[in-house]
Amino acid sequence: MYINIEKAIKLIKESSADALILSNEANMHYMCAFSPSEGYVLIFKDGSAYHIVDSRYTETAQKHAEKTKLSVIEINTLFTDEIKRLCEKHSAKRIIFENESISLKRYNTLKTALEGAEFIELGDRLMRIRNRKEPFEIELMKKANAIAEKSFLELLNHVKPGKSEKELASYFDYLMAKNGSYGLSFDTILLTGKNTSMPHGVPSDDKIKNGDFVLFDFGATYEGYHSDMTRTVAVGNATDVMKEMYALVLKAQIAGIRAFNAGVKCADVYKASYDVLNEKDMAQYFRHGLGHGVGLEIHEGFNASPRSEDTYEDGNCTSIEPGIYLPDKFGIRIEDVLWLSPRGRENLSKVTKELIIL
């Protein structure tokens, strides 16, 4: 049996439930190994597991079922008709549902179809299971990362004065597709000059000038899994202040990486980087969390933030991305993705973090 379905069955039994019903795209992917935009995965405590699809996805679902062993059912009427039939077949009365992502309309439709069933909230339990990555998942993330990094290094040959943010961002997206990405993890962030002080700025028609920082935040996907990386480079030259601030952000990132271990509070990992910046009175310019979980979604699982009450566990995968953003001057961010493997912490990001001056 597919390991992720085994985990779902264990969750059902631990909840004293009869079934788990999933319609969230990432949660379905976790069970069926691809990302259908519509459909349901229905798993029962006796080990029976179904992927209910319409005709758009039948062939794809059957192909992936060779690995997952899900029983693929193509609907002829309504999804809820098939769900009702299967729940009656397996005498399922207590059903776990995705209370954190399901729409009210879909919830009411299921409640009507499964009249008399007890609905149990899934909460963040499946998220916590997904947050502990298996080695095969990390291999897919490494492939996504390798595509993104290869594309980044190719792009650097085109980063020069006179090129606009939009032009380079579009070419970057093309390079990632050409090199094998299934899609973008998120809209590519490519900023230059003063625009780099906006943590999530949008590429504009502004053009690179000599002496500018250029900030790249980018990610590719491979078989549903995401990569995420940020690098900041200088064009032509960098002032002593730019070099000093870059070295400080890198020092803060290294501190955060070293703090990232199983059993450590997420807030303490954030604090490790924050304290480095605070020593130089620059923490006031660090305006976001230190990192977020990465996997089938670009943001999933735990966040390294001062507000988090979570504690990292073996198998967790997170970004570590401190930055400083000086309004009307420049911004710097450096980001890697780390995994707490059975052998210890592993950095999935391979591109140098020494300051590159093009």
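The model is predicted: local features need pLDDT of at least 70, side-chain atom pairs count only at pLDDT 80 or more, and totals for chains, interfaces and linings use all residues. Residues are numbered from 1 along each chain as its sequence is written, and side-chain values use heavy atoms, without hydrogens and water.

**Figure 1. Overall extent of the protein.** The protein has 10 helices and 18 strands; helices (H or I, at least four residues) and strands (E, at least two) are DSSP runs, numbered from the N terminus. Along the principal axes, the C-alpha trace spans about 70 × 40 × 35 Å.

**Figure 2. Open sheet E14-E17-E18.** Three strands are arranged in the order E14-E17-E18 with antiparallel pairing; two strands pair if DSSP finds at least two bridges between them. Strand E14 (317-320) and strand E18 (344-347) are at the edges with a single partner strand each, so one side of each has no neighbour in the sheet. From one strand to the next the twist averages 30 degrees. Axes are lines fitted to C-alpha atoms, for helices over the stretch in contact, and angles run from 0 to 180 degrees between N-to-C directions. Four bridges join strand E17 (residues 336-341) to E18 in the antiparallel sense, and Ser 341 is opposite Gly 344 in E18. Helix H7 (residues 135-155) lies across E14, E17 and E18, at about 160 degrees to E17; contact means heavy atoms within 4.5 Å.

**Figure 3. Open sheet E7-E8-E11.** This sheet has three strands in the order E7-E8-E11, again with antiparallel pairing. Strand E7 (189-192) and strand E11 (229-234) are the edge strands, each pairing on one side only. The twist averages 10 degrees from one strand to the next. Strand E8 (residues 213-218) pairs with E11 over six bridges in the antiparallel sense. Helix H8 (residues 165-178) packs on the sheet and touches E7 and E8, its direction making about 150 degrees with that of E7. Within the sheet, Val 214 is opposite Val 233 in E11.

**Figure 4. Packing of H9 on H10.** Helix H9 (residues 240-259) and helix H10 (residues 266-279) pack at about 155 degrees, with axes 7 Å apart. H9 is therefore roughly antiparallel to H10; angles under 35 degrees count as roughly parallel, over 145 as roughly antiparallel, 65 to 115 as roughly perpendicular and the rest as oblique. Residues in the contact include Leu 248, Ala 252 and Ala 259 of H9 and Val 269, Ala 272 and Leu 277 of H10. By class the contact has eight nonpolar, three polar and two charged residues; Ala, Val, Leu, Ile, Met, Phe, Trp, Tyr, Cys and Pro count as nonpolar, Asp, Glu, Lys and Arg as charged, and the others, Gly among them, as polar.

**Figure 5. Packing of H4 on H5.** Helix H4 (residues 79-89) and helix H5 (residues 104-113) pack at about 45 degrees, with axes 9 Å apart. H4 and H5 are therefore oblique to each other, and their crossing is right-handed. Thr 80, Ile 83 and Lys 84 in H4 meet Thr 109, Leu 110 and Ala 113 in H5. The contact has three nonpolar, two polar and one charged residues.

Methods: A crossing is left-handed if the near helix is turned anticlockwise from the far one by less than a right angle, and right-handed if clockwise.
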